[in-house]
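Thanks for coming, everyone. Please look at the screen, and I will walk you through some strands and then the ligand.

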Amino acid sequence: MLIRQKRKSDALSYEITPQSLYLDRRQFIEGLGMAAGSLALSAAPLSHAHGATLPRGNGEIEGIVGGYSKLGKNDELTHLNAVTTYNNFYEFGTGKEDPGRHSGAFKPRPWQIKVDGLCANPGTLDLDDFVRPHTIEERIYRMRCVEAWSMVIPWAGIPLGEIIKRFEPLGSARYVSFETIVRPEEMPGQRRSHILPWPYVEGLRLDEAANPLTIMAVGLYGSVLPNQNGAPLRLVVPWKYGFKGIKSVVRMTFTEEEPKNTWQIMNPPEYGFYANVNPKVDHPRWSQASERRIGDFRRRATLMFNGYEEEVGQLYAGMDLSNYY
Ligand code: MTE
């Protein structure tokens with residue numbers, strides 16, 4: 001277990017029932033004067049929370065502030081145990097339990113992120129310098145995998161739009177691409193080149209990246225990201241299928257051309273660039289009309305844009321959404 005044990009008297013987040021933790025968080029958010037159902041997005045809610053620092057090891061992140069979270073009445077937090085044992089992270093193997101089992105030797109520190117391409121202020125930053133200017137917010141989001149399962153995860157992260165501004169993308173930049181680290185000595189899946197072409201890569205249109213819902217997560221359930229969830233830094237784009245959420249990011253590049261993602265490269269007939277959750281457009285192998293929430297028995301209807309249409313629908317005005325890709 002990668003989550004630090006606390007004193008016995010402290011309630012661990014995974015000892016609290018998911019529903020009561022959710023209610024606690026909602027009260028916290030309301031306490032900050034933000035209606036949980038309204039957009040209170042880009043501004044840092046508490047100025048003293050600026051200058052975020054991440055703990056070494058697997059500890060709790062101090063000073064996380066409540067950010068935008070929009071949940072339906074049937075959305076309960078997925079138990080931490082499921083969030084950390086049912087994963088996709090092919091660098092550690094293709095089975096759902098492989099990332100939890102085989103990521104113990106992975107070292108998420110020290111860590112550097114290179115930012116390059118079409119920007120006026122490129123650079124290679126230590127994780128601490130990458131994170132420090134920002135406020136870390138809690139964002140409770142639904143995550144919908146293209147394999148038709150879903151979870152509700154309380155992330156701790158930084159709005160990607162705020163990160164991007166620091167690197168001053170040029171007017172010609174229209175996209176941002178991302179790369180996962182290549183470290184076959186610590187990632188057994190990368191020692192088998194037939195699994196995927198490494199590194200795992202992803203991309204977003206710049207306006208998608210700057211949408212206030214998009215975050216770079218550094219934690220979940222209040223603590224730093226476990227290795228299997230993409231330590232120390234991963235993308236979260238809640239209205240897109242989960243594969244867009246690239247893990248263990250070491251590089252961001254501003255480009256003029258639409259970047260390809262790993263699944264597009266692997267299987268172009270099945271995967272495209274946008275991958276917006278859409279119940280009306282089936283994947284060749286999975287109906288997308290409904291999904292199984294991990295922890296539930298019954299399936300539930302999938303929501304357009306995973307329930308975030310109000311926030312992101314305008315990004316695709318005029319596009320033919322009947323096309324999955
Ligand atoms: N990132 C990398 N580098 N490698 C991967 O295999 N899998 C993706 C995405 N990010 C993947 C990745 C897929 S298919 C999904 S559904 C999500 O991570 C799963 O995130 P989780 O394991 O934290 O739930």
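Strands β8 and β9 (residues 223–224) pair in the antiparallel sense, over two bridges. Two terms before I go on. Strands are DSSP runs of E with at least two residues, numbered from the N terminus. Two strands pair if DSSP finds at least two bridges between them.

This is a predicted model: local features need pLDDT of at least 70, side-chain atom pairs count only at pLDDT 80 or more, and totals for chains, interfaces and linings use all residues. Residues are numbered from 1 along each chain as its sequence is written, and side-chain values use heavy atoms, leaving out hydrogens and water.

Back to β8 and β9. Gly219 stands opposite Val224 in β9. The two strands form a hairpin, with two residues between them. Tyr221 sits in that turn, and its phi is positive, about 50 degrees.

What else does β8 join? Strand β5 (residues 149–159), for one, through five bridges. These two run antiparallel. Here Ala156 stands opposite Gly219 in β8. Then there is strand β10 (residues 234–236), joined to β8 by three bridges, again antiparallel. Ile215 faces Val236 of β10 there.

Is β8 mostly covered or mostly open? Covered: six of its six residues, 215–220, are buried. Buried means under 20% relative accessible area, with a 1.4 Å probe and protein chains only.

Next, strand β6 (residues 175–180). Five of its six residues are buried, so β6 is largely enclosed by the rest of the structure. β6 pairs with strand β7 (residues 201–205) over five bridges, antiparallel. Ser177 is opposite Gly203 there. β6 also pairs with strand β11 (residues 249–255), antiparallel, over six bridges. In that pairing, Phe178 stands opposite Met252.

A ligand oxygen is 2.8 Å from a polar backbone atom of Tyr90. A ligand nitrogen is 2.8 Å from an N or O atom in the Glu91 side chain. Arg234 puts a polar side-chain atom 2.9 Å from a ligand oxygen.

How much of the ligand does the protein bury? Taken alone, the ligand exposes 530 Å², and the protein buries 98% of that. Those areas come from the Shrake-Rupley method with a 1.4 Å probe.

Definitions and conventions
Buried < 20%, exposed > 50% of the residue type's maximum accessible area, 1.4 Å probe, protein only. Helix = DSSP H or I, 4+ residues; strand = E, 2+ residues; numbered from the N terminus. Polar contact = N/O pair within 3.5 Å; in protein donor to acceptor, adjacent residues only side chain to side chain.
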